[in-house]
Amino acid sequence: MKKILQSTTILMAAACALAPAAAYALDNPIRGNIRVVIGSKSTGGDTYQASSIIAEALAQKIDANIKVDAVGFSAAYQALGRVPTGNTLMIFHDQAYLGNLYGQKGYEDPFKEWTIGPSFATNPGNGYLVPKNSPYKNMDEILNAAGNGKTIRVAIQPGGVSEIGYTAMKNAVRLAYPGQEDNLVALNTGSQSDKNQALFDGLADVINGSVQANEQYTRLPADDQKAMNFVWLTAKASTIAKANPNGMGETSRDQLMQYASGLGVNIPMDAENNFTFDKEFYFLYNKRMSPEVIEFLDKALAEVFADGKVQETFKKSFFIPNFRTSAEAQKHFKEKRDSYAKIINNLHK
Amino acid sequence: MEFLELLSPSFFLLAAAGSIIGIIFGAIPGMTATMAVAVCLPLTYTLGLQEGLALLLGLYVGGISGGLVPAVLLNIPGTPSSITTTFDGYPMAQRGEAERALKTCIVASLFGGTFSAIVLFFFAPVLADFAIKFSYVEKFLMIFFAMSVIASLSKNILMGVFSGLLGVLLSLIGTYDVSNGGNGEYRLMAPFMEPYLAYGFSLLPVLIGLFGISTIIEEAEKGAREPSLENKVNLNKGKPFRFNIFKGQFSNLMRSSSIGTFIGMLPGIGGSAASILAYTQQKNFSKHPEKLGKGEPEGLVASESANNGLTGGALIPLLSLGIPGDSTTAVLIGAFTLQGLQVGPLFIGENIDTWFSMITALMFANIVMFIVMFYAIRHIAKVVLIPKFILYPIIVMMCAVGAYAINYGIMFDVWTLFLFGVAGWIFTKIGIEIAPLVIGFILGSSAEVYFVKSLESYGEYSILFTKSPIAMVLWGLIVLSIVVSVMIHRKSKQHANKEAK
Amino acid sequence: MFDWFSSLNAVVIDFDTSHLFFPRIVISLLLILGLVIVVSYFRPVMQAIRTGRYQFFVKNADFFRLLMTFALIPAYFWGMDAIGAVLPNMGLGFLLASIPFVFLMSMLYCHDMTRRNLIIIVSNAVITPTFVWGVLYHLFAVSMP
């Protein structure tokens with residue numbers, strides 16, 4: 001009996017293995033299964049979530065097995081470097097070049113090392129919060145206080161997406177009150193729970209957070225030690241405007257809009273422009289991957305977006321669908337990198 | 001009650017299936033509860049939230065419990081938190097009491113699991129508010145407290161502490177991780193190691209390397225001979241299991257389950273600390289502490305009720321703060337995000353049906369785990385009868401699968417397995433003690449973060465003592481724990497001397 | 001009057017070098033403890049080694065099996081990685097390396113090479129890896145080389 005069970009399982013497994021092989025789309029230049037490694041080690045985070053959504057949609061479109069593996073950026077780069085056939089792809093976000101700009105260990109210049117693949121989604125949730133009983137009600141008050149000699153401690157995870165908004169705040173203080181920018185101090189913490197904890201402990205005045213992770217905290221009554229308020233969302237107002245109207249949890253999109261860059265909050269980039277930061281997700285390819293495969297994936301993803309279903313899935317999870325072909329993405333992210341490089345360099349002068 | 005409508009037969013079926021699959025994952029050396037939850041996470045897409053959660057919670061409970069099987073039978077912790085189960089479980093199995101040991105573990109697991117589910121149900125929000133009173137300082141002291149077990153666990157205090165510190169040092173190799181609050185700089189390694197060791201050695205490969213692979217190397221050195229007929233482990237020779245084993249163990253059960261639940265509740269302490277701490281405390285409170293580590297059921301009771309106590313505990317910050325309490329719940333949170341559901345301080349109030357169904361799944365999974373394991377264990381225990389020449393290659397193979405899969409496919413983790421297998425084999429020969437080393441390794445990196453961050457944020461050493469009443473209480477416990485373990489060492493030395501005379 | 005205390009008590013950790021703070025403490029403690037251990041155990045240990053009471057290998061060590069184990073396991077790990085690089089993302093690196101490995105290691109450890117044992121070894125070497133591959137890779141989508 002046991003033997004029979006065993007052999008049926010094997011047969012079933014073998015059948016599973018062979019089934020997709022028979023159904024390969026004829027023009028698919030990638031033979032075999034596809035593995036998508038992501039730059040984050042967490043399966044609870046937005047990178048995994050966005051990658052799962054796009055991988056699922058792509059797998060259906062090109063009729064292949066696609067598996068998302070949360071290996072973290074360093075292992076992901078290694079895996080990607082080994083397989084030029086397109087069987088291993090990577091998904092990451094702006095951290096890829098920000099880590100490099102901030103001089104983090106292990107972050108090489110992605111434009112040199114890899115081919116930038118298509119972008120597909122934006123997470124508009126990155127933001128900054130204060131405790132509900134904070135003396136500062138909005139971003140202006142925080143920047144003015146820093147400009148007038150008050151020390152403001154901002155809890156961030158250094159070296160990337162979490163720091164870029166802090167850099168912008170510092171830059172804003174520098175523009176309005178030259179020489180006072182050092183009153184804004186970074187409190188270097190790690191995960192979201194560490195940042196929240198820093199706020200509860202009174203170690204930080206402002207923390208980096210996100211709509212997804214902190215929305216419920218903003219709805220707590222003011223006398224709760226854990227209660228917080230948003231003061232700024234770094235995404236462009238026009239980006240947030242594209243989000244699901246229901247927003248997140250019980251906070252509607254319109255309520256969130258008041259914290260958006262350029263609408264409720266003004267953080268200047270330089271004399272003319274406002275600073276904004278959209279966290280965008282995109283593919284990274286092995287440099288040796290053939291143009292044929294790049295074109296195939298561009299086309300396949302374009303079709304996925306043309307079908308329109310994946311947009312709904314993204315919106316449901318508070319992502320903003322945002323498709324660019326590989327070439328477009330390459331150009332877009334280079335420009336984005338250059339503009340952030342400027343303010344980071346200004347501060348280090 | 002509306003939630004009752006959500007409880008379809010398939011809900012219970014999935015919780016039971018989860019529990020059973022989890023047990024199998026936990027029972028295979030190298031596969032863990034976290035892995036079981038991770039591999040089934042994508043399934044929750046199609047299953048929907050309630051049923052997806054039933055499956056995952058079943059996997060969680062089953063996986064944590066299944067880890068006791070190889071810990072007892074093979075001296076390999078099936079899941080990192082069952083490391084303390086090996087201390088007494090394996091010696092018992094060697095005496096032919098495998099079934100008795102396993103059943104003791106299973107009953108303790110059921111108690112711990114149920115206890116924590118009840119605590120979760122009644123006290124989650126209150127306890128979460130208490131948990132956020134633990135800042136860097138208090139968390140460091142909790143880690144330090146757990147580390148004090150090294151003093152009582154080692155055969156020779158000097159060598160034991162040395163081994164523990166060595167473990168801590170090994171855990172620091174790599175970057176000072178940015179996602180834990182570090183500065184992302186490398187330390188303790190040569191440039192050629194950078195591509196492999198950016199995140200340092202992973203826990204699971206180190207653990208199964210030190211316990212599993214090194215045992216196989218040792219056996220190979222001895223010729224991998226099958227035991228002769230009269231030395232063969234006889235499953236019927238040892239004492240049978242009776243429930244009266246638990247007589248006088250009630251305080252142990254309560255204490256260990258509470259410790260497990262409490263450690264689970266503190267984000268960033270790590271699940272393995274739970275059973276380690278519970279084991280230390282049992283050793284300190286025990287009437288004959290010198291027997292622990294040589295095959296005493298009370299050690300099993302402490303270890304297993306604590307690591308199942310962890311399950312409910314780790315769900316407390318997840319569901320009432322949105323912050324996972326251990327590595328498995330960190331994966332579990334993915335089930336919520338994939339469904340577009342937020343977990344945070346208002347989760348329970350706004351999703352009361354989901355909340356009730358989760359508790360139901362948790363309780364049910366515990367019961368299934370108990371029934372399945374308690375009655376199947378006679379057969380599982382026969383693993384020890386499989387000849388070595390069949391068993392060992394399979395263990396190596398499964399360890400390789402587990403090591404490769406633990407971080408979703410990293411080859412270096414497999415090499416770590418071999419590296420630490422060889423290291424473990426050499427260590428035992430030169431007097432370095434494995435158990436303290438592993439404990440140092442498990443707790444080392446969190447000890448660093450919380451210690452350095454305490455000093456960095458407050459700028460004075462005295463903060464470690466004066467931060468809060470909680471800190472002072474913890475210091476009291478640490479001192480007590482160390483004093484008691486030194487006394488135990490003295491006592492057992494005198495004992496040994498007396499016997500020698 | 002408490003100046004001396006507050007100056008001793010004060011600690012400034014520069015974030016940029018904070019990655020070295022804790023390792024330095026641990027290394028210092030290790031060195032001190034190591035020294036204490038050497039001082040207190042040097043003589044008895046040396047004596048034990050000289051008199052032959054302490055030996056690194058066990059008595060009658062089976063060097064053949066030991067060395068072969070040291071060769072087989074790395075060869076297995078290397079093999080699965082190498083095969084996996086040629087046939088990526090299908091778990092074939094695992095499957096194709098495990099079958100010979102399980103077979104060879106069983107042969108190595110088996111002392112009683114009867115016909116029956118040989119059949120068990122061969123079928124185990126073929127069935128078990130295939131079963132594990134089928135269930136874990138295909139059913140559960142566990143990552144494999």
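Helices α2(A) and α12(A) are roughly perpendicular to each other (an angle of 65 to 115 degrees; under 35 is roughly parallel, over 145 roughly antiparallel, the rest oblique). Their axes, lines fitted to C-alpha atoms over the stretch in contact, with angles from 0 to 180 degrees between N-to-C directions, cross at roughly 105° and come within 10 Å. Helix α2 of chain A spans residues 46-62 and helix α12 of chain A residues 291-307; helices are DSSP runs (H or I, at least four residues; strands are E, at least two), numbered from the N terminus. Contact (heavy atoms within 4.5 Å) involves, among others, A:I54 and A:L58 of α2(A) and A:F296 and A:L301 of α12(A). By class, this contact has ten nonpolar, no polar and three charged residues.

This is a predicted model, in which local features need pLDDT of at least 70 and side-chain atom pairs pLDDT 80 or more, while totals for chains, interfaces and linings use all residues. Residues are numbered from 1 along each chain, chains are lettered from A and ligands numbered from 1 in the order written, and side-chain values use heavy atoms, without hydrogens and water.

In chain B, helix α20 (residues 388-406) reaches 26 Å from its first C-alpha to its last, close to the 27 Å expected at 1.5 Å a residue. B:Y408, with a positive phi near 60°, follows α20(B).

In chain C, an unreviewed UniProt entry annotates residues 21-145 as "domain: DUF1468". That span is 78% helix and 0% strand.

How values were computed: Nonpolar A, V, L, I, M, F, W, Y, C, P; charged D, E, K, R; others polar. UniProt positions renumbered as here; feature names shortened; annotations may be inferred. Expected span 1.5 Å × (residues − 1).
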